[in-house]
Amino acid sequence: MYIDGQVLHRFAKSLWGFNRSITGDGVRKTLNYIKDEIGELKIYEIKSGTKCFDWIVPEEWNINDAYIITPSKKKIADFKKNNLHILNYSEPINKTLSLNELKKNLYSIPNYPDAIPYVTSYYKRRWGFCLSHNQIKKLKSGQYKVFIDSSLKKGSLSYGELVLKGKSKKEVLISTYICHPSMGNNETSGMVLTTFLSKWLKSKKRRYTYRIIFIPETI
């Protein structure tokens with residue numbers, strides 16, 4: 001089975017842009033996109049509050065928009081331009097704050113001053129934005145409008161599973177995470193590789209049974 005590298009790149013480019021977390025519509029969109037490529041994938045929903053070993057499935061998080069308006073009326077940390085700008089699982093907010101108040105909810109990596117960090121808060125209610133450290137250093141005193149249009153409510157966690165039966169009941173488990181947004185090396189590459197490995201395995205006579213799961217990392 002030959003796969004053109006351009007096919008892999010197009011698939012990765014599409015997946016890269018989906019906003020994802022450990023729950024939410026972005027995860028379902030991702031799973032359905034993978035299902036369309038593989039041809040079969042069972043998608044399961046686990047309700048919020050369900051105990052999974054030493055974890056609890058949290059409330060489902062979805063987001064429509066988020067941004068900061070500076071004193072000069074410039075929009076920064078625009079979620080629609082880069083979904084890493086939002087603290088993943090941020091609760092909604094629509095307020096005007098001073099720069100000192102705002103900085104309490106800004107995240108950066110001083111050692112990587114041009115990078116936008118990926119920060120999450122699955123089990124603690126808070127809000128925040130992620131910017132490069134250089135961008136934060138350029139912020140001037142004044143009033144900043146912060147806006148996050150998100151929701152946290154009882155819902156479910158989604159994951160996908162594909163079982164390819166072989167001659168033996170002994171199983172090979174292949175797992176890839178689906179929860180990180182807009183990251184090439186972390187998540188996107190794993191999903192692409194696992195999707196097309198699944199297609200290749202489907203085309204082969206198998207000695208072992210393969211259980212392939214596309215699942216959020218934390219749970």
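This is a predicted model: local features need pLDDT of at least 70, side-chain atom pairs count only at pLDDT 80 or more; totals for chains, interfaces and linings use all residues.
Close-up 1. Residues are numbered from 1 along each chain as its sequence is written, and side-chain values use heavy atoms, with hydrogens and water left out. K73 is found in the loop between β4 (60–69) and β5 (75–76); strands are DSSP runs of E with at least two residues, helices are runs of H or I with at least four, and both are numbered from the N terminus. Although K73 is not a glycine, its phi is positive, at about 70°. Y89, in the loop between β5 and β6 (93–98), likewise has a positive phi, near 80°, and is a residue other than glycine. Y89 counts as buried because its relative accessibility is 2%. Most residues other than glycine have a negative phi.

**Close-up 2. R126 and its surroundings.** R126 is found in the loop between β7 (106–107) and β8 (129–130), and with a relative accessibility of 24% this arginine counts as partly exposed. Not counting residues up to four places away in sequence, R126 touches L87, Y89, S90, E91, Y107, V119, T120 and S121, where contact means heavy atoms within 4.5 Å. With Y107, the side chain of R126 also makes a side-chain polar contact of 2.6 Å; a polar contact is a pair of N or O atoms within 3.5 Å, of which, within protein, one must be able to donate a hydrogen and the other to accept it, and residues adjacent in sequence count only if both atoms are side-chain atoms.

**Close-up 3. S182 and its polar contacts.** S182 lies in the loop between β11 and α5 (184–202) and is buried, with a relative accessible area of 8%. Leaving out residues up to four places away in sequence, S182 touches W16, F18, R20, N83 and L84. Two of these residues also take part in polar contacts with the serine: the side chain of S182 reaches the backbone oxygen of W16 at 3.1 Å, and the side chains of S182 and N83 make a polar contact of 2.8 Å.

**Close-up 4. The salt bridges of R211.** A search of the whole structure finds 10 salt bridges, each defined as a side-chain nitrogen of Lys or Arg within 4 Å of a carboxyl oxygen of Asp or Glu. The side chains of R211 and E161 meet in one of them, at 3.0 Å from N to O. This pair links distant parts of the chain, since R211 is in strand β12 (residues 209–215) and E161 in strand β10 (residues 156–164), 50 residues apart. R211 also meets the side chain of E171 in a salt bridge, at 2.7 Å from N to O. E171 lies in strand β11 (residues 171–177) and R211 in strand β12, so this pair ties together parts that are 40 residues apart in sequence. R211 is partly exposed, with a relative accessible area of 25%, while E161 is buried at 17% and E171 counts as partly exposed at 42%.

**Close-up 5. D25 and R28 in helix α2.** D25 forms a salt bridge with R28, the closest N and O atoms being 2.9 Å apart. The two residues are separated by about one helical turn because they are 3 residues apart in helix α2 (residues 25–38). D25 counts as partly exposed, at 47% relative accessibility, whereas R28 is buried, with a relative accessible area of 18%.

**Close-up 6. D65 in strand β4.** D65 lies in strand β4 and is buried, with a relative accessible area of 13%. Leaving aside neighbours within four places in sequence, D65 is in contact with D78, F79, K80, F147, I148 and D149.

Key: Buried means under 20% relative accessible area, exposed over 50%, partly exposed in between (1.4 Å probe, protein chains only).
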